[in-house]
Amino acid sequence: MLISQFIDYLLLEKKYAVHTVTAYKADLISFIDFFQKEYHTSNISEANYPQIRSWIVELVDKGISNRTINRKVSSLKTYYKFLLKTEQIDKNPLAKHQALKAPKKLQIPFSAQEVDDVLVNLTDDTDFESVRDRLIIELFYATGIRRIELVNLKLSDVDINNAQIKVLGKRNKERYVPLLLSVCETLERYVLLRADLLENQEVPFLILTKKGVKIYETLVYRIINSYFSKASSKVKKSPHILRHSFATHLLNEGANLNAVKELLGHSSLAATQVYTHHSVAQLTKVYEQSHPRNKK
């Protein structure tokens, strides 16, 4: 019962995305199963830190990465915070828990040339899927939106006259993101082909499949992966890497960190600073090549 209340709390009050809440639920079930097996009860509200610690040890022994363990423990900690808030418990057993050390996950962005190499092969402006795919790539690279944000974009969110789109981000926070002229041109062409595809049917969502229905996240991933597999040798080729490329390239060109934070829809600068690694690397390269003392 408490678990279902917690899930409702995450969905309705915290406004977490459905897939995020699904991950929280899976992590809780993982601990419940362990707790039932080891301590013969599923009432995890009564668990103490040594018992939770034994779960963490078991996860380590199974070879699960520290990053994944930290995520699972974080889900459990959030659950106990909820119990504390609703006065179901009087102490969070994970209040003083220190996360396991995990290596920083470095995302390598696409180069501007790799993006250009993909777009140069998407010149057919008469084929619906070709124009749609070009638009998807341009939107990711020119606006930095998330995959779920792109999937949920509506036709009414697009303002070509003012060259901007309205994006519904995490926890239903709205933001306006400017569009480049080249993206507006692709949008105009796509909207015409979209109207021909629908034949007067009304579908609110902007990006559609060739069957005229709302595109889905898996297809968006496949589209990006397919095109960039031909242009890049990087291990990861996903929509998130295009978002990462957007932020990194802006920072490399001197964009203000706060401005990039607003464009990305981050709630704090800490989240945006992840993207500064490559910017610092670029600055270091310029510094080493240009500083007179280094030339000596």
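In the predicted model, helix α1 (residues 2-13) packs against helix α2 (residues 18-39) at an angle of about 155 degrees, and their axes lie 10 Å apart. Since angles over 145 degrees count as roughly antiparallel, α1 and α2 are therefore assigned to that class. The crossing formed by α1 and α2 is right-handed. On the α1 side, the contact is made by Ile3, Phe6, Ile7, Leu10 and Leu11, which meet Val18, Val21, Tyr24, Lys25, Leu28 and Ile32 of α2. By residue class, the contact of α1 with α2 comprises 10 nonpolar residues, no polar residues and 1 charged residue.

The loop between α1 and α2 contains tyrosine 16. With a relative accessible area of 17%, tyrosine 16 is buried, because the cut-off for burial is under 20%. When neighbours within four places in sequence are left aside, tyrosine 16 is in contact with Leu10, Leu11, Val21, Tyr24 and Arg171. Of these contacts, Leu10 and Leu11 also belong to the α1 side of the helix pair, and Val21 and Tyr24 to the α2 side. Tyrosine 16 and asparagine 172 are separated by 156 residues in sequence, yet their C-alpha atoms are 8.8 Å apart in space.

A further helix pair is formed by α6 and α9, which pack at an angle of about 90 degrees with their axes 11 Å apart. This angle makes α6 roughly perpendicular to α9, because the range for that class runs from 65 to 115 degrees. Residues Arg132, Asp133, Ile136, Ile137 and Phe140 of α6 meet Leu219, Val220, Ile223, Ile224, Tyr227 and Phe228 of α9. This contact of α6 with α9 divides into 9 nonpolar residues, no polar residues and 2 charged residues.

The largest nonpolar core consists of 41 residues, and the members that touch the most other members are Ile136, Leu139, Ile165 and Ile207. Two or more residues are given to this core by each of α5 (112-119), α6 (128-143), α7 (147-151), β2 (164-168), α8 (181-198), α9 (217-229) and α10 (239-252). The greatest contribution comes from α6, with 8 residues. Isoleucine 207 touches Arg132, Leu135, Ile136, Leu139, Leu150, Tyr190, Val213, Lys214 and Ile215, with residues up to four places away in sequence not counted. A second, separate core holds 28 residues, including Ile3, Leu10, Phe35 and Ile89. Among these, Ile3 and Leu10 also take part in the contact of α1 with α2.

Glutamate 149 is located in helix α7. Its relative accessibility is 3%, and glutamate 149 therefore counts as buried. Beyond its neighbours within four places in sequence, glutamate 149 is in contact with Val167, Leu168, Gly169, Lys170 and Arg175.

Leucine 250 is located in helix α10. At 28% relative accessibility, leucine 250 counts as partly exposed, because this class lies between the 20% and 50% cut-offs. Leaving aside neighbours within four places in sequence, the contacts of leucine 250 are with Ala255, Val260 and Leu263. Leucine 250 and lysine 214 are 36 residues apart in sequence, with a C-alpha to C-alpha separation of 30 Å in space.

Notes. Residues numbered from 1 in each chain as written. Predicted model: local features only at pLDDT ≥ 70, side-chain atom pairs only at ≥ 80, totals over all residues. Heavy atoms only, no water. Core = buried A, V, L, I, M, F, W, Y, C linked by side-chain atoms within 4.5 Å. Buried < 20%, exposed > 50% of the residue type's maximum accessible area, 1.4 Å probe, protein only. Helix = DSSP H or I, 4+ residues; strand = E, 2+ residues; numbered from the N terminus. Contact = heavy atoms within 4.5 Å. Axes fitted to C-alpha atoms, helices over the stretch in contact; angles between N-to-C directions. Parallel < 35°, antiparallel > 145°, perpendicular 65-115°, else oblique. Left-handed = near helix turned anticlockwise from the far one by under 90°. Nonpolar A, V, L, I, M, F, W, Y, C, P; charged D, E, K, R; others polar.
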